[in-house]
Amino acid sequence: MKPTFSSFHSLHSPLFHPLLSLHRRPRCPRMDSSSPPHHHSNQNKTKIIVTMGATGCGKSRLSVDLATHFPHSQIINSDKMQLYNGLDITTNKIPLHERKGVPHFLLGDLDNIDADVSPSQFRSAAGLTIANIVSRGNLPLLVGGSNSFIHALLVETFDPQVDLFTGPDSVSHRLRYDCCFLWVDVAWSVLSDYLCERVDEMLESGMLEELAQFYDPTKVGVRVGLRKAIGVPEFDEYFRKYPPWESEENGRVPKEGCDQARKEAYEEAVRLIKDNTCILAKRQIGKIMRLRKAGWDLKRLDATATFRAMMMKKKKNKSSTAASSDLEWRDIWEREVMEPSVKGVRRFLQ
């Protein structure tokens, strides 16, 4: 029988109400009956692949690349902000065309943007999603940067009263799934530069316009749900001074010759976004190191050379009229990240 929320709590329970929309429709396609069963371990635990890493390190790319090598993989998002429907640019959701037809779950499914999702709620919702994927003979692939959610989902016994990553014994090494952990790591000197460049690229892609449409003067200072996403609080002060409905220009990136005060307010918001993104990444790396120290078998994949080549390619494109090829950094990615990942997952499944 297919698991439902009522299997755990009443559908009207306030604990689960924010996540009801995550399980409105079953979307797991059935696997061909000839496909090999590969989701149970010798210990009869469900096998799952877990890709981890700081924000911006290429986790989503790796998860999709792996799904193309292991065709019956289906991806489950564990990023807190990407659970919500909306702010796709601001929260860095992987675009539809980059998903390559791979099913994604718990990604942009939550309509109630003004409700926080607790680790306990995620544990239940993602646990049901994993069960549904496995029941159809497919392989769950968990991806995301919210390490508190990953811990809550994977540990055998989860205590919501324990403040994770603060107490000396708060991280459990006893897991309820058989996990293959892939940790994508990038040297901080390279990752921090890349994250700052990524913010600029997001703004060029329409992040400011997206935030202008999202801005609600009655919710300034409210830090709940999707309003916690980096970019929202940083631009609240800017939009308070320059409301987007007073002028279309207020919702666009300032150009040369624009009002100097508006330009400075915009640049301050951008600086804060870059600072807070780097703070988030450092915090995520610290939590990953603590999980590793607690006994989690995290297989480190060094993507530093890939990102260095990627950034060099972008610099060349900016200084030249002819765009350079992506082949160099993609070759490095294949050799130093993808190949060891595929080999590790193949051994794990066998």
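This is a predicted model: local features need pLDDT of at least 70, side-chain atom pairs count only at pLDDT 80 or more; totals for chains, interfaces and linings use all residues.
## Strand S2: burial

Strand S2 spans residues 73–77. The strand is mostly covered, with five of its five residues buried.

Which residues of S2 lie on each side? Ser-73, Ile-75 and Asn-77 are on one side. Gln-74 and Ile-76 are on the other.

## Strand S2: pairing

S2 pairs with two strands, S4 and S3. Strand S4 covers residues 139–143. Its pairing with S2 is parallel and runs over five bridges. Within this pair, Gln-74 stands opposite Pro-140 of S4.

Strand S3 is made of residues 104–105. It too pairs with S2 in the parallel sense, here over two bridges. Ile-76 has Phe-105 of S3 as its bridge partner.

## Helices H2 and H3

Helix H2 runs through residues 119–135, and helix H3 through residues 147–154. The two pack with their axes 8 Å apart, at an angle of about 60°. H2 is therefore oblique to H3. Their crossing is right-handed.

Which residues make the contact? H2 supplies Pro-119, Phe-122, Arg-123, Ala-126, Gly-127 and Ile-130. H3 supplies Ser-148, Phe-149, Ala-152 and Leu-153. By type, the residues of this contact divide into seven nonpolar, two polar and one charged.

Where is Asn-92 found? Asn-92 lies in the loop between S2 and S3. Its phi is positive, about 60°, although Asn-92 is not a glycine. Is this residue buried, partly exposed or exposed? Asn-92 has 27% relative accessibility, so it counts as partly exposed.

Lys-100 also has its place in the loop between S2 and S3. Its phi is near 55°, again a positive value in a residue other than glycine. Lys-100 has a relative accessible area of 55% and is therefore exposed. The cut-off for exposed is over 50%.

## Summary

H2 and H3 pack at about 60°, in a right-handed crossing. In the loop between S2 and S3, Asn-92 is partly exposed, whereas Lys-100 is exposed.

Conventions:
Residues are numbered from 1 along each chain as its sequence is written. Side-chain values use heavy atoms; hydrogens and water are left out. Buried means under 20% relative accessible area, exposed over 50%, partly exposed in between (1.4 Å probe, protein chains only). Helices (H or I, at least four residues) and strands (E, at least two) are DSSP runs, numbered from the N terminus. Two strands pair if DSSP finds at least two bridges between them. Axes are lines fitted to C-alpha atoms, for helices over the stretch in contact, and angles run from 0 to 180 degrees between N-to-C directions. Angles under 35 degrees count as roughly parallel, over 145 as roughly antiparallel, 65 to 115 as roughly perpendicular and the rest as oblique. A crossing is left-handed if the near helix is turned anticlockwise from the far one by less than a right angle, and right-handed if clockwise. Contact means heavy atoms within 4.5 Å. Ala, Val, Leu, Ile, Met, Phe, Trp, Tyr, Cys and Pro count as nonpolar, Asp, Glu, Lys and Arg as charged, and the others, Gly among them, as polar.
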